[in-house]
Amino acid sequence: NDRGLGGRPLDERQDAMELIHAGAIQQMRAQTHERGQVVQLIDIRHIKAPNPSGGNVGDRLRIVMSDGIYFQQGMVAQQLHEEVRHIPVNAIVRMDNWTVNHVAGRLIIIVTGMSVIQENFGAR
């Protein structure tokens, strides 16, 4: 029984490329569509977040997601870090919950819930 991050069962068994929602990034940015957008994670990076008073605030996970048309940077909520660290680049995921924030003049999607559809998409 496959489970997504956050314990949600997955029953999607279609070809992953057919599942990617073209236009999902724009809909997520505008917050005009229901949750459950399917995108591909094209980059996952562990970064140190600077603290204005010196030192590091803590570890962050930055992701870049694509809907096959557009791509968008995002950050992963702290409670998902352990699971997301083990997801390979190019995995197909369903965005179950997110919020949009403006940081330093840029729009960033903060992911608070996601489920893995296919981990090894594009693996050879």
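This is a predicted model: local features need pLDDT of at least 70, side-chain atom pairs count only at pLDDT 80 or more; totals for chains, interfaces and linings use all residues.
1. S66 has its place in strand β2, and its side chain reaches the backbone nitrogen of G68 at 3.0 Å. The side chain of S66 also reaches a backbone oxygen, that of Y70, at 3.4 Å. With a relative accessible area of 13%, S66 counts as buried, because the limit for that class is under 20%.

2. Strand β5, spanning residues 106–118, is mostly covered, in that 10 of its 13 residues are buried. Strand β3 (residues 71–76) runs parallel to β5 and is joined to it by 3 bridges, with G74 standing opposite I109 of β5.

3. Strand β4 (residues 92–103) runs antiparallel to β5, and 11 bridges join the two; within this pairing, R94 stands opposite S115 of β5. The hairpin formed by β4 and β5 has 2 residues between the strands, and there A104 takes a positive phi near 50°.

4. Which residues have the most contacts inside the largest nonpolar core? They are L41, I63, M65, M95 and M114, in a core that has 23 residues. At least two residues of this core come from each of α2 (24–30), β1 (37–50), β2, β4 and β5, and β5 gives the most, with 5 residues. A second, separate core is made of 6 residues, including L19, V38, I92 and I117. As general background, nonpolar side chains tend to be buried together in soluble globular proteins.

5. The largest pocket holds about 230 Å³ of space, and its lining consists of I47, R60, R62, Q73, M75, V103, A104, R106, I108 and I110. By class, the residues of this lining divide into 6 nonpolar, 1 polar and 3 charged.

6. Which strand gives the most to the lining of the largest pocket? Strand β5 does, with 3 residues, while β2 (56–66), β3 and β5 each supply at least two residues of that lining.

Methods. Residues are numbered from 1 along each chain as its sequence is written. Side-chain values use heavy atoms; hydrogens and water are left out. Buried means under 20% relative accessible area, exposed over 50%, partly exposed in between (1.4 Å probe, protein chains only). Helices (H or I, at least four residues) and strands (E, at least two) are DSSP runs, numbered from the N terminus. Two strands pair if DSSP finds at least two bridges between them. On a 1 Å grid over the protein atoms alone, a cavity is a set of points where a 1.4 Å probe fits but cannot get out, and a pocket is an open set with protein on both sides within 12 Å along at least five of seven lines; lining residues have an atom within 4 Å of a point. Grid points are joined across faces, edges and corners, and a volume is the space filled by probe spheres set on the points. Ala, Val, Leu, Ile, Met, Phe, Trp, Tyr, Cys and Pro count as nonpolar, Asp, Glu, Lys and Arg as charged, and the others, Gly among them, as polar. A nonpolar core is a set of buried Ala, Val, Leu, Ile, Met, Phe, Trp, Tyr and Cys residues joined through side-chain atoms within 4.5 Å. A polar contact is a pair of N or O atoms within 3.5 Å; within protein, one must be able to donate a hydrogen and the other to accept it, and residues adjacent in sequence count only if both atoms are side-chain atoms.
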